[in-house]
Amino acid sequence: MKPRIYLDNSATTRIDDEVLDAMLPYLRERFGNASSIHAFGQEARAAVEDARQAVADLVGAEPRELVFTSGGTESDNMALWGVLRSGYRPGNHIITSRIEHPAVLATCKALEEAGAEVTFLPVDSSGRVDPERVTAAVNERTILITIMHANNETGVIQPIEEIGRIARERGILLHTDAVQSVGKIPVHVGRLGVDLLSLSGHKFHGPKGAGALFVRSGVKLKPLLTGGSHERRRRAGTENVAALVGLSAASQLAQRRLPAMTSRVAVLRDRLQERIRNGIPGVRINGSVEHRLPIVTNMAFDALEGEAAVIALDLAGVAVSTGSACSSGSLEPSHVLMGMGLRAEVVQGSLRFSLSHHSAAEEIDGAAQIVVDTVTRLRGLARRG
Ligand SMILES: Cc1ncc(COP(=O)(O)O)c(C=O)c1O
């Protein structure tokens, strides 16, 4: 069988062996409920609190500022609903961008239905939000600004520090969805100046179903899930101890690997880009090259149907994705690329390649050649057809 090359690490990553090894005892013999008083419970409690410390260290927070969740989607929901319902100051206006992940965008739509007022800011052609537009959008009813740290389709990094200053000067809370950036580049809540930050373990070699929301000390949120007094009454439900142990191990590995991983993978990413661009004409990079995650490149191919290319590449052994989301059987062009002002046919011909610290140079060279051959063949077929 041909070896398969995985270049879809923005969707999810392979769990690291060290992570799985750390988790297994908590699925077998250390199965206690972290709220129980006996030794089984205490063992589980200790593991949960160690995990809190590890995740806190990764993002420069205090352990008590982290609430464990089931992942990025729940963290985003907890932040947005939690602030709206907290009533920390009068108002119901939220500022976000048009290129957020659906975990934020759809939640903002639901908040609108619940009576909130939401401003969806545009981005420029490089995929970035202009902080001046944030300033202009603020009004006396604004209670929250939520802008993602790095985009999941293009990897473009937003000017969160500047937006943080704007929010702080006005006493408005700032949330950032850092699901794509944590573990890939250094992320420090103090330096970013955020009050709330979402992260998810499966994006950096941890297990699926484990994430966290950073809530700056003093910020009051109304909980999304009510029930027991878990997570200091901020998120009810018996802790998923094994998954949190996995999140902990992944956080420690990520911290140890940064920044060497960042520079090594960026070199491979650039090599992939260059080999493809040298191999075929009509290829451009979507979004800012300067402000971008090191692991991802989103490329537009002239005269290519992206979905057909994903299928053909999969058959040839390379896993990538398009910029577009496939919803209810209809192919909708990517809201992120459309939001950057790209023409529909450019969006339809765009592919996302995302690497990880597991990516090897030979794989990248092999994948580049397969992409060149596949795109050449598909363009030839389209011309004949
Ligand atoms: C930017 C961003 N936010 C949120 C999510 C959702 O995270 P999860 O899959 O952990 O629910 C994703 C996952 O693709 C993402 O890329």
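Predicted model: local features only at pLDDT ≥ 70, side-chain atom pairs only at ≥ 80, totals over all residues.
**Helix H3**

I started with helix H3, residues 72-86. At 1.5 Å a residue, its 15 residues should span 21 Å, and I found the end C-alpha atoms 21 Å apart, which agrees. Next I asked how many residues of H3 are buried. The count is 12 of the 15, so H3 is largely enclosed by the rest of the structure. Gly72, Met78 and Leu84 are among the buried ones. I then looked up what they pack against, and the list includes helix H4 (102-113), strand S5 (142-146) and strand S6 (173-177). Just after H3, I noted that Gly87 has a positive phi of about 60 degrees.

**The sheet**

I traced seven strands in an open sheet, in the order S2-S8-S7-S6-S5-S3-S4, with mixed pairing. Which strands stand at the edges? They are S2 and S4 (117-121); each has a single partner strand, so one side of each is left without a neighbour in the sheet. From one strand to the next, the twist averages 20 degrees. I zoomed in on S5 and S6, which run parallel and are joined by three bridges. Ile145 has Leu174 in S6 as its bridge partner. H4 lies across S3 (93-97), S4, S5 and S6, and runs at about 155 degrees to S3.

**The core**

Ile145 turned up again here: in the largest nonpolar core, of 110 residues, Ile145 and Phe214 are among those touching the most other members. Helix H9 (residues 241-257) gives the most to this core, with 10 residues. I also checked the contacts of Phe214, which include Val59, Leu66 and Leu196.

Methods: Residues numbered from 1 in each chain as written. Helix = DSSP H or I, 4+ residues; strand = E, 2+ residues; numbered from the N terminus. Expected span 1.5 Å × (residues − 1). Buried ≥ 20, exposed ≤ 12 C-beta atoms within 10 Å, placed from the backbone. Contact = placed C-beta atoms within 7 Å. Core = buried A, V, L, I, M, F, W, Y, C linked by C-beta atoms within 7 Å. Pairing = 2+ DSSP bridges. Axes fitted to C-alpha atoms, helices over the stretch in contact; angles between N-to-C directions. Lists of a residue's contacts leave out its neighbours within four places in sequence.
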